[in-house]
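Good morning, colleagues. I would like to speak briefly about pockets in the structure now being shown.

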Amino acid sequence: MIRLLTLTLLLCVGLGCRAREQSDPLQPAVVEPVQRAMHRSVADPPPVEGHEPVLWVALEDHLGAAQTAAPLHLQAFAGSLSLRDATGEQSSGSAFVISWRSVALARPLKLARRIAGPYASFESADRVASRWRALGVAAEVAHPKEWEVWAPEGSPVPDGLAVRDWQSTVTSTVEPVLQTLEGERPLQGPLLIEASDGLLWAGGRFEGPFRLQRDAYGSWTLVEQVPVERYLEGVVPHEIGAGSPMAALQAQTVLARTWALANSHRFSVDGYHLCSDTQCQVYSDPRHAGAAVREAIAATQGKLLSLNNQPISAVYHATNGGVMAAGPEAWAMQPSIYLRAKPDGDEGWRNRHSLPLQQRKAVEVLLADRSGAYGQRHPRFRWTRTLSGPDLRQALGAAADPLVSPLQLKVMERGASGRVLALQVSGSSDAAPVILKLDAIRRTLPTLPSTLFVLEAQSVERWLVVGGGFGHGAGLSQAGAIDLAWRGWPVERILSHYYPGTVYGPLSTPAQSP
């Protein structure tokens, strides 16, 4: 008996048994449940830090989601490509074709998570993730198709947050296969790809190097590793136009640099920093930069907007319609000293349209005016659209099923800038109405260029929407910046106008990931 007790104690030291179990070797062992992983394991991207940070930018995501997914075609712009997989196997050539195969896992992978969302933007999802993290929960923002927030199964839930539980057992994985003249060669990721004279992608030339790597959903992402200053060559001309005046180009450059550093955690769940489409900043062919854009990048090298020595959330948009939005008018976020609601025009404009603009009449007066507003030449400075009952039902999907026709559309709340914060769609019965809030309004009704609008009922289930601006309206108006640059404003004055209270210049310490 003494020998049995000694053996049991030795085993418990190695297995981490609890003290109660050690004292009674005949007591049945209590097996603690093992928490299942939220998603497939993905390595974190490297930190974005130092004086010359490098970004991992997705050129294409969700590749190879199934064995039948379309092959990936990689073509050298000139010269050759080289490919090396995780085993060290190398290939070279002017082009590669990578297809996909399904491989059974040695052991099934059990996944489970608690999900909140979907959300219309990363900003709204990140706000929810922050609330969850305040409870000590390791919440992550993900983008399987739309923005969601994931938390471990059984996690406590912030007050008022609607969640759903999800679980799955994964029995196979999709792996890349290189098509060669000799046949198919299975590859092990990640794949490292170099292009001696650039990769031809979406009609553009990208220098690389590149990676083909797994994401959190079982598919793959083609990533370019690009220094931030070179990244700007692919952003600035596609965001504001290479023909813009120099001060506007410099302002856009500073904002694009700031935004990239402040948002480099945006796709950390998938092992890279940023995407290349409108969910981030549009990143496309850097050859479109031209001499003026490169001059703007060089003139502002290393400079950004900061607060407390941290890059700010440097959001921007096409045109604000003559009035800047506060941050909480666009997303569910805390008020910020630098994203404020205020008229965007000369003294006469500001005097005629003092804030708040929370009454319909005040918004109507603003929308009927142009004189003195900055950026008024933009084609969507003023606009009209029509909405119908069928339009609303199609946009709302299943949420509209309980609503009995005829539908009613009503503005429930406006912010200080006059933007709609809550839009109600109701039916003719007692069914609960559908209320769209903040960025969910434009996400659900994408034909509306902005939320600065008034509704005019034209007939049963038909409304005229009269509005102004294109985009969320917070931060810099690109049309406004172009206007101010033509008026002779330097870059620092333009930036302080749209982001009051921020500091323009390099960080006192090298950039670090948020």
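The largest pocket has a lining of 34 residues, and T278, C280, Y316, R442 and H472 are the ones that lie nearest its centre. A pocket here is an open set of points on a 1 Å grid over the protein atoms alone, where a 1.4 Å probe fits, with protein on both sides within 12 Å along at least five of seven lines; lining residues have an atom within 4 Å of a point. This is a predicted model, in which local features need pLDDT of at least 70 and side-chain atom pairs count only at pLDDT 80 or more, while totals for chains, interfaces and linings use all residues. Residues are numbered from 1 along each chain as its sequence is written, and side-chain values use heavy atoms, with hydrogens and water left out.

The space in the largest pocket is about 960 Å³, a volume being the space filled by probe spheres set on the points, which are joined across faces, edges and corners. At least two lining residues come from each of α3 (122-133), α5 (236-239), β17 (316-317), α8 (327-330) and α12 (439-444). Of the elements, α12 gives the most, with three residues. Helices (H or I, at least four residues) and strands (E, at least two) are DSSP runs, numbered from the N terminus.

I turn to the second largest pocket. About 640 Å³ of space lies there, and of its 21 lining residues, D126, H265, S313, M333 and Y338 lie nearest the centre. Two or more lining residues come from α3, α6 (246-262) and β16 (310-311); α3 gives the most, with five.
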